Amino acid sequence: MKVLYVASEVAPFVKTGGLGDVAGSLPQALAEQGCEVGVVCPLYSQIAQEWRDKMSFVTCLYVQLAWRNQYCGIFRLEKDGVTYYFIDNEYYFKRRQVYGEYDDAERFAFFSRAVLDMLPAIGYKPDVINCNDWQTALVPVYYGIHYSYRSWYDGIKTVFTIHNIQYQGQFGSQITDYVLGIDRYHYDNGFLQQDGDVNLMKAAIVCANRVTTVSPTYAQEIQTPYYGFKLDTVLRWYQGKVSGIINGLDIKQFDPETDTHLFKNYSVKTLKDKKKNRDGLLEMCGLKADDDTLVIGMVGRLVSQKGLDLIQCVLGDILRLNVRLIVLGTGDYGYEQMFLSAKGWAPDKISANIMFNGDLANKIYAGSDLLLMPSLFEPCGLAQMIAMRYGTLPLVRETGGLKDTVHPYNEFTGEGNGFSFAAYNAHDMLHVIENACHLFANDKAAWKKMQIAGMTGDYSWSASAKNYIDVYEQAIKY
Ligand code: ADP
């Protein structure tokens, strides 16, 4: 089976969050299962020269986007059994940031059309195109409107994967024909429209042959008004083509035994060496802690999705416990300031690192005792899985992928690989943090048992890649 995987970020070339991790690891797993896999991503200026040096120029063409006729260079790179294609256009992709530019609709509309236009130019006809999130949501839409009737493209199927339904690609209706090059009829008849705006994610849900999301629980949740961000109705309407497949990790990249970012490598057999990472992390962050002090790590975007309102509510109570809190993230100014100001009134207890830093992230996963992730919603979440792989117990809210991957501690059987709470309530979270503190200080054997359960869990892509292949087969039969 030939699969083309289309994403707006792909690790290790360019990554801003979980989508990059998935796009960087799922295609390899598909290739290991026997698929012929191509991956396409924009050639952003943020992609390092060391990768550019390994790319070769394939061809160039011009892409029609409404009245525009735009240059599109295609570069190629082979890695781990996967062929990566990069779409080059400096006007669109030589920018200060990957997302958040004034013309994002146009940039990613160009990318989506370029992906479809490049296929005959490179002589690659996939059976299935798997596109991801709103940035590539126009691929199934353009396929239906502009390509499906052309004989070369006949029979290609599309799968759309939702990594986070909060970000839908909503734009004013005026972009329909002027920017996207789509007849206004498709907006007026409702298919491109949601609540008076162009909504690219909705259009992809309607057009794609199959829709997946990144955990079974999230697949159910987004069909309800609480989690669906107003797309629950359309998802319920198309529920027959919606499924949830849990993400895997790149287990070679996130391996405490080989990770070059760590102070000392360790495994289940040498778990005592995790302490060297704890000591190194604390020293690096300018904190001191004894063996019974719970070192809590937080890594992620500082946005309300990640449960920061709960933390804001009880930060003082948390820092009064026998804990150290090490935060790494960027995001909303208010949350960044919350941690920075906490450093002012509890300097011995907290380290606030307002930055994006992959090296420090891995040091926190390895050096912490607990990873705090009380998300309001969490499509899958990778941080909790990375933490478990590094013997750090996650404390999560029971939602989405967190619910599917973290099994809470059972004090009667000793089973579990972390801690959890159900209601989005700050004091419920605080109570579980207190319990974790107590267990850590008083029952190291129970703690270690959970660490081992976490470290020996299967976070590889092998099972999930098979599920993706099933979905692709369903799409082909569709
Ligand atoms: P999301 O995709 O919602 O941002 P995930 O938990 O699925 O959250 O994935 C986040 C990924 O990005 C993880 O690999 C995490 O380590 C990484 N990450 C997030 N914020 C930072 C940061 N400030 N520095 C380094 N890595 C980060």
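Reader: In this structure, which residue has lysine 54 lying over its face?

Author: The model is a predicted one. In this model, lysine 54 is placed 4.9 Å from a ring centre.

Reader: What is the geometry of the ring pair formed by phenylalanine 13 and tryptophan 51?

Author: The centres of the two rings, phenylalanine 13 and tryptophan 51, are 4.8 Å apart. Planes over 60 degrees apart count as edge-to-face. The planes here stand at 75 degrees, so the pair is edge-to-face.

Reader: How many residues apart in sequence are the parts that this pair ties together?

Author: Phenylalanine 13 belongs to the loop between strand 1 (2-6) and helix 1, whereas tryptophan 51 is in helix 2 (residues 49-52). Both residues are buried. Given these positions, the pair ties together parts whose separation in sequence is 38 residues.

Reader: Is phenylalanine 111 buried or exposed?

Author: A residue counts as buried under 20% relative accessible area. The relative accessibility of phenylalanine 111 is 0%. Phenylalanine 111 is therefore buried.

Reader: Which helix gives the most residues to the shell around the ligand?

Author: Helix 1 (18-32), helix 14 (358-367) and helix 15 (383-389) each give two or more residues to this shell. With three residues, the helix that gives the most is helix 14.

Reader: What is the distance from an oxygen atom of the ligand to an N or O atom in the side chain of tyrosine 365?

Author: Tyrosine 365 is among the residues that come nearest to the ligand. The distance from a side-chain N or O atom of tyrosine 365 to a ligand oxygen is 2.6 Å.

How values were computed. Residues numbered from 1 in each chain as written. Predicted model: local features only at pLDDT ≥ 70, side-chain atom pairs only at ≥ 80, totals over all residues. Heavy atoms only, no water. Near = heavy atom within 4 Å. Polar contact = N/O pair within 3.5 Å; in protein donor to acceptor, adjacent residues only side chain to side chain. Helix = DSSP H or I, 4+ residues; strand = E, 2+ residues; numbered from the N terminus. Phe/Tyr/Trp six-rings, centres within 6.5 Å; stacked < 30°, edge-to-face > 60°. Buried < 20%, exposed > 50% of the residue type's maximum accessible area, 1.4 Å probe, protein only. Lys NZ or Arg CZ within 6 Å of the ring centre and 35° of its normal.
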